[in-house]
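Have a look alongside me.

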Amino acid sequence: MLTPHKVVAASRNCALKYCAWSMVHCALLLLMASCHDEPEQRPDTPQGNFDALWTIIDEHYPFFADKQVDWQAVGDHYRQLLTDDMTSQELFDVCSDMLKELRDGHTNLIASHDVSRYWIWEQYPVNYDERLIDEHYLNFNYRRASGIKYALLDNNYGYMYYASFASPVGEGNLDLVLNHLATADGLIIDVRSNGGGYLTNVETLVGRFIDERTYVGSIQHKTGPGHDDFSQPFDYYFEPTKNHIHYQKPVVVLANRGSFSATNNFVSIMKHLPQVTVVGDTTGGGSGLPFTSELPNGWNVRFSSCPVRDPGGQVTEHGVPPDVRVDQSAADTPQGRDTLLETAFAILARKR
Amino acid sequence: MLYQCGTGAVRNGRCGKPNTPSLRWGRGGRGGLIVLLLLCLFRSGAARAGEADSVQLLRPVNAMFTAEVGHARVLDTYLTPIAYSGTHLALGYTATQATGFAPHRWTRQLSLEASYAPARNPAHNRTLHTLMAEGGWSLMHRWPGWRPGVNVLLGGSTRLRAGAVYNPSGSNNVVSAHIHWSVGAAGMIVWSTRLRRVPVTLSYSMTLPVAGVFFSPEYDESFYEIYLGNHSHLAHFGWWGNRFDLDHRLSLDLHLGGTIVRVGYHGRFEQSWVSHLDTKFSTHALVIGIGGDFLSIPRRGINPKAKIINGL
């Protein structure tokens with residue numbers, strides 16, 4: 001017999017069943033409605049790998065306009081060189097040649113058997129001989145703190161050589177270095193053939209040569225795959241290091257074409273400080289922070305991203321020109337003289 | 001302090017099996033209440049003092065510790081356009097309990113999970129390491145189902161999920177940070193029955209974030225720029241127009257005395273597309289777990305007429 005109680009119970013059961021099934025159906029519908037197509041996974045073929053590389057650079061590389069590179073034309077040219085049966089080495093060579101069109105030292109194709117490169121400083125005078133300095137200026141008598149080689153020279157100028165911004169440099173290390181060189185009449189910071197490293201080390205080092213919050217440049221990034229998709233430049237500042245030794249006397253920075261990437265950034269900032277003179281050759285550039293991506297065959301590709309501008313608003317991808325342009329003199333080398341260093345002495349002498 | 005509460009009735013002069021049919025010690029079985037039995041003996045004086053005419057409500061916590069192993073697929077185009085596949089490993093904890101308010105109708109659930117997924121690219125020469133942690137809290141209304149032993153729970157949840165994907169071969173995009181706070185729907189269907197003589201609980205649960213806030217850098221924005229102070233466009237309102245997450249589990253709990261052994265499946269689907277960056281994580285995992293129903297004994301002890309209300 002159907003009673004009101006049974007009717008209520010049956011209704012409740014129906015409602016619960018409906019509720020449960022609705023939950024499942026809603027989830028499935030939402031899943032279908034919300035699906036977003038993921039990027040195409042290209043095949044591991046010569047064509048697939050080439051297209052992947054071309055697309056990565058096309059969507060991420062920031063200096064096409066600055067370098068006036070027609071990437072579409074470059075791709076069309078090198079795509080004609082592809083064959084279905086080409087070897088891995090042949091594909092690597094085609095891809096490497098295509099990347100060299102960018103004329104960018106930050107752009108490399110990295111395979112297990114080789115790394116493609118566009119080392120711009122290989123084409124320019126080296127302007128640096130470590131042995132010459134060790135033997136004739138330092139007399140092999142120098143100190144080393146963290147990654148910095150330093151000494152108080154006979155002519156009472158301080159000298160410090162920082163070989164790589166990848167070498168961590170601590171505030172305590174810098175205190176020891178600058179304290180040792182405190183009585184010098186001037187300081188020479190040698191960053192020749194310093195291929196770069198961490199920008200945080202740039203900040204650490206620059207912090208000893210500024211007395212107030214200092215505008216040191218701007219940084220941008222791409223906001224999308226289009227060639228003109230850039231963010232507004234973000235101005236950034238360095239703060240003077242607090243409670244540590246600062247160096248107030250004249251400073252000369254020695255640079256060459258091997259001063260690249262983070263070193264390029266360091267030189268661009270130091271150049272705008274009033275007590276600093278940059279001597280040597282134009283730096284190697286490399287103003288874009290490199291990013292890394294990957295091809296279907298497992299090769300890595302590193303490329304410039306995030307353009308950094310100097311305090312003057314200039315993109316320093318092509319290098320920072322020195323205040324005083326000097327090359328190593330062929331006549332000086334046999335005499336054990338470093339032309340750039342001698343120029344630095346003369347500049348510091350004038351600023352005394 | 002929590003004490004284990006088994007699935008049978010307490011046989012003790014002061015904490016014995018009451019005659020009232022409303023008393024439910026879990027979902028069947030009479031063994032495994034040793035801890036609670038000892039506790040009842042220890043607290044018998046207090047229990048006697050606490051005897052009252054009003055029905056005392058006890059809300060055991062169904063606590064489960066789980067371990068997962070399965071398959072993970074990781075795509076994070078901030079790091080690489082290539083999808084990686086590998087192993088998913090996770091440790092989890094869930095605590096389910098009837099709420100303090102309206103315990104007959106409402107259940108709350110706390111869940112914690114830490115996971116690690118080393119995943120390889122198709123060329124098998126590089127590894128992405130995904131490390132994530134998640135905490136979630138759900139509040140669900142409980143309805144008796146369409147047949148005895150079935151409960152349907154439906155409500156809301158909030159979750160905080162954070163972690164990172166690390167690419168050892170990256171340069172300035174060496175790591176991709178992920179932080180996501182969300183609110184959404186949570187639901188469960190629980191069926192308590194017996195498999196031969198063993199009480200079992202079969203449950204399907206699902207959480208479906210609807211909205212929230214999540215972190216994402218812009219397309220090619222470096223973490224160095226963020227470190228320099230550019231914090232614009234990092235926080236995004238999450239909805240089904242830019243992300244979709246689904247977490248669901250199918251669990252079989254075997255009540256072996258006072259111990260609950262769990263075997264199940266855990267699937268997770270997580271996808272976002274914002275600032276021209278795509279992330280997609282999916283995992284399918286076998287779950288094994290162990291736990292039990294734990295009871296926090298009131299200071300005044302347990303009334304013989306106490307009524308136990310499970311959250312499931």
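**Entry 1: a strand pair in chain A.** I began with β2(A) and strand β3 (residues 148-152) of chain A, which run antiparallel and are joined by 3 bridges. Strands here are DSSP E runs of at least two residues, and helices are H or I runs of at least four, numbered from the N terminus. Two strands pair if DSSP finds at least two bridges between them. I also looked up A:R144 and found A:K149 in β3(A) opposite it.

Next I checked what packs here: helix α7 (residues 171-180) of chain A lies on the sheet and touches β2, β3, β4 (158-162) and β5 (187-190) of chain A. The direction of α7 makes about 20° with that of β3(A). For the angles, axes are lines fitted to C-alpha atoms, for helices over the stretch in contact, and the angle between N-to-C directions runs from 0 to 180 degrees. Contact means heavy atoms within 4.5 Å.

**Entry 2: a note on the model.** This is a predicted model, where local features need pLDDT of at least 70 and side-chain atom pairs count only at pLDDT 80 or more, while totals for chains, interfaces and linings use all residues. Residues are numbered from 1 along each chain as its sequence is written, chains are lettered from A and ligands numbered from 1 in the order written, and side-chain values use heavy atoms, with hydrogens and water left out.

**Entry 3: the whole sheet.** In which order do the 7 strands of the open sheet in chain A lie? I read β2-β3-β4-β5-β8-β9-β12, with mixed pairing. β2 (143-145) and β12 (324-325) of chain A stand at the edges with a single partner strand each, so one side of each has no neighbour in the sheet. Helix α9 (residues 262-270) of chain A lies across β5, β8 (251-255) and β9 (276-280), at about 145° to β8(A).

**Entry 4: chain A overall.** I noted 10 helices and 12 strands. Of the 352 residues of chain A, 53% count as buried, where buried means under 20% relative accessible area, exposed over 50%, and partly exposed in between (1.4 Å probe, protein chains only).

**Entry 5: over to chain B.** Is B:K305 buried or exposed? It counts as exposed, because its relative accessibility is 52%. B:K305 sits in the loop between β13 (277-295) and β14 (307-308) of chain B. Leaving out residues up to four places away in sequence, B:K305 touches B:V55 and B:Q56. The C-alpha atoms of B:K305 and B:V55 are 6.2 Å apart, although 250 residues separate the two along the chain.
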